Amino acid sequence: MGYGKRIDTLCSLLVKAETFADVGCDHGYCSEYMLKNDLCERAILSDISKGSLAKAETLLAPYIRQGRATSVLGDGFLGVPKDVDEVLIAGMGGSEIVSILSDEKYGFMPKRFDFSRCTTRKNYVDISLKTVDISIGILRSKMGNFTT
Ligand SMILES: C[S@@+](CC[C@H](N)C(=O)[O-])C[C@H]1O[C@@H](n2cnc3c(N)ncnc32)[C@H](O)[C@@H]1O
């Protein structure tokens, strides 16, 4: 894949879905992987930061023009429909992830939810990658330390 070890590992855990939402997308690499490999029909790129979202919009401009990708500037699941097939939240702290899922107005548990919790310590980032298939209650997990 060539995005670097952490993003490549994340991408390897994603599954084929009609609609895919990348919440806190920043650069948009995971959405690019999904779109480029025809693993999703449509992707929603969402970020709370205008500057971060702009990076994904630049990277994915051809897909946005084709109507296969839509960008949303906002907090958490704002603009993410509840019937979305797969949601990724990666690179946020655990409490941030929980607050997005449980937000009174916009929170919900996606059909398929992939997340990587990120904790910064001294000079490395400890990532626990967990992919939860809510519908059948199967938990797959990979743990690893990745340099930043
Ligand atoms: C460390 S980056 C991770 C980017 C990418 N998902 C990855 O794993 O490489 C975290 C991103 O989440 C965004 N973010 C943080 N809190 C957010 C929230 N509540 N809703 C949406 N985006 C958020 C930040 O602006 C930033 O772009």
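Below are worked exercises on a predicted model of a protein with a ligand.

Residues are numbered from 1 along each chain as its sequence is written. In this predicted model, local features need pLDDT of at least 70, side-chain atom pairs count only at pLDDT 80 or more, and totals for chains, interfaces and linings use all residues.

**Exercise 1. The overall layout**

Task: State how many helices and strands the protein has, and give their order.

Solution: 
- Start with the elements. Helices (H or I, at least four residues) and strands (E, at least two) are DSSP runs, numbered from the N terminus.
- The protein has five helices and seven strands.
- From the N terminus on, the order is α-β-α-β-α-α-β-β-α-β-β-β.
- Next, burial. A residue is buried if 20 or more other C-beta atoms lie within 10 Å of its own, exposed if 12 or fewer, and partly exposed in between; C-beta atoms are placed from the backbone.
- Of the 148 residues in the protein, 34% are buried.

**Exercise 2. Met-34**

Task: Decide whether Met-34 is buried or exposed, and list what Met-34 touches.

Solution: 
- Locate Met-34 in helix α2 (residues 29-36).
- Met-34 counts as buried because it has 26 C-beta neighbours inside 10 Å.
- Leave out residues up to four places away in sequence. Met-34 then touches Leu-14, Phe-20, Leu-39, Cys-40 and Ala-43. Contact requires C-beta atoms, placed from the backbone, within 7 Å.
- Check Lys-16 as well. Lys-16 and Met-34 are 18 residues apart in sequence, and their C-alpha atoms are 7.9 Å apart in space.

**Exercise 3. Strand β4 and the ligand**

Task: Say how β4 pairs with β1, and what β4 gives to the shell around the ligand.

Solution: 
- Strand β1 (residues 17-23) pairs with β4 in the parallel sense, over four bridges. Pairing requires that DSSP finds at least two bridges between two strands.
- Phe-20 has Glu-86 as its bridge partner in β4.
- Six of the seven residues of β4 are buried.
- Around the ligand there are 17 residues, and Gly-24, Asp-26, Ser-52, Ala-90 and Gly-91 come nearest. Near means a C-beta atom, placed from the backbone, within 6 Å.
- Two or more residues of this shell come from each of β2 (40-47), β4 (86-92) and α5 (94-101).
- β4 gives the largest share, three residues.
- By type, the shell has seven nonpolar, six polar and four charged residues. Ala, Val, Leu, Ile, Met, Phe, Trp, Tyr, Cys and Pro count as nonpolar, Asp, Glu, Lys and Arg as charged, and the others, Gly among them, as polar.

Notes
Two residues are in contact if their C-beta atoms, placed from the backbone, lie within 7 Å.
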